[in-house]
Amino acid sequence: IERLVDSFRDPTFFTSSYGDVDGFAFREGVRRAGVEGKSILVIGSSWPWIESLLLAEGAAHVTTLDYLPISSDHPRVTTLQPAEARRLYQAGRLGPFGGVVSYSSVEHSGLGRYGDGLNPWGDVQTISRAWCASSPGAFLLLGVPSGALGSSGGSCLGAAEGVEWNSGRVYGVRTWPHLVANWRAEWRTPTVGALDGQTPQCVAQPLVLLRWVAAPP
């Protein structure tokens, strides 16, 4: 991890687990979020590219939550599986986090692809639980598959919106608002479109930066 952190300190460097990530956009999202000195939750990460970028940008600590067991001996990176995270939260020892980052992960939640239980609301509950474990004003930097919107239909993913069993979900004008309830959109890559009805270009998983807001009474 420390070698990756050193590499990410070079503003021209970027690497990830995915070939479709816009490195400059991801860096821009992290910088707009403001991670310096914060404890950050990363949802779904088997290789520490997000964690290393966050540490390079000044995050105090990163906690990674993933279905699979991950070993980390880095003093500023903690790894958890869902059952352990639930126990810590119930004991009042999880968070609060100053921010949450997830890329190409929550769209799989509840579909059983990674050994998790079947749950049609798994994605919504994952983001809701992150909200519960975050402090007021925390950020959410989220990238999920987003289909084309409007009358044209279709997208580079081959679907406008829905479930591609059991690979994942594609989000659009109906599902994005449910996924990010109680988070307010602040910034997005110019291709997302789903939050204001504009038709996105062919980018599979655009980034949206949102901010924690209080739940209605």
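How many of the eight residues of helix 3 (residues 49-56) are buried? The model here is a predicted one, in which local features need pLDDT of at least 70 and side-chain atom pairs count only at pLDDT 80 or more, while totals for chains, interfaces and linings use all residues. Residues are numbered from 1 along each chain as its sequence is written, and side-chain values use heavy atoms, with hydrogens and water left out.

Helix 3 turns out to be mostly covered, with eight of its eight residues buried. Buried here means under 20% relative accessible area, exposed means over 50%, and partly exposed is in between (1.4 Å probe, protein chains only). The buried set consists of Trp49, Ile50, Glu51, Ser52, Leu53, Leu54, Leu55 and Ala56. These residues pack against helix 1 (2-8), helix 2, strand 1 (39-43), strand 2, strand 3 and strand 4, where contact means heavy atoms within 4.5 Å. Just past the end of helix 3, glycine 58 takes a positive phi of about 105°.

Stepping back to the whole protein chain, there are six helices and nine strands; these are DSSP runs numbered from the N terminus (helices H or I, at least four residues; strands E, at least two). Of the 217 residues, 48% are buried. Among contacts with a separation of 6 or more, 61% come from residues 24 or more positions apart. The chain exposes about 10,300 Å², and carbon and sulfur atoms supply 53% of that area, as worked out by the Shrake-Rupley method with a 1.4 Å probe, counting only the protein chains shown as cover for residues.

Seven strands make up an open sheet with mixed pairing, in the order 3-2-1-4-5-9-8; two strands pair if DSSP finds at least two bridges between them. Strand 3 (77-80) and strand 8 (183-188) sit at the edges with a single partner strand each, so one side of each has no neighbour in the sheet. From one strand to the next, the twist averages 20°. Strand 8 and strand 9 (residues 207-212) run antiparallel and are joined by five bridges, and tryptophan 183 has tryptophan 212 in strand 9 as its bridge partner.

Helices pack on this sheet too. Helix 2 (residues 23-33) touches strand 4 (97-103), strand 5 (134-143), strand 8 and strand 9, and its direction makes about 10° with that of strand 9. Helix 4 (residues 82-90) touches strand 2 (61-65) and strand 3, and its direction makes about 105° with that of strand 3. For these angles, axes are lines fitted to C-alpha atoms, for helices over the stretch in contact, and values run from 0 to 180 degrees between N-to-C directions.

The loop between strand 4 and helix 5 (122-132) holds glycine 112, which counts as partly exposed because its relative accessibility is 25%. Leaving aside neighbours within four places in sequence, glycine 112 is in contact with Leu118 and Asn166. Glycine 112 and tryptophan 165 are 53 residues apart in sequence, yet their C-alpha atoms lie 9.6 Å apart in space. Serine 105 also lies in the loop between strand 4 and helix 5. At a relative accessible area of 14%, serine 105 is buried, and it touches Ile43 and Gly44, not counting residues up to four places away in sequence.
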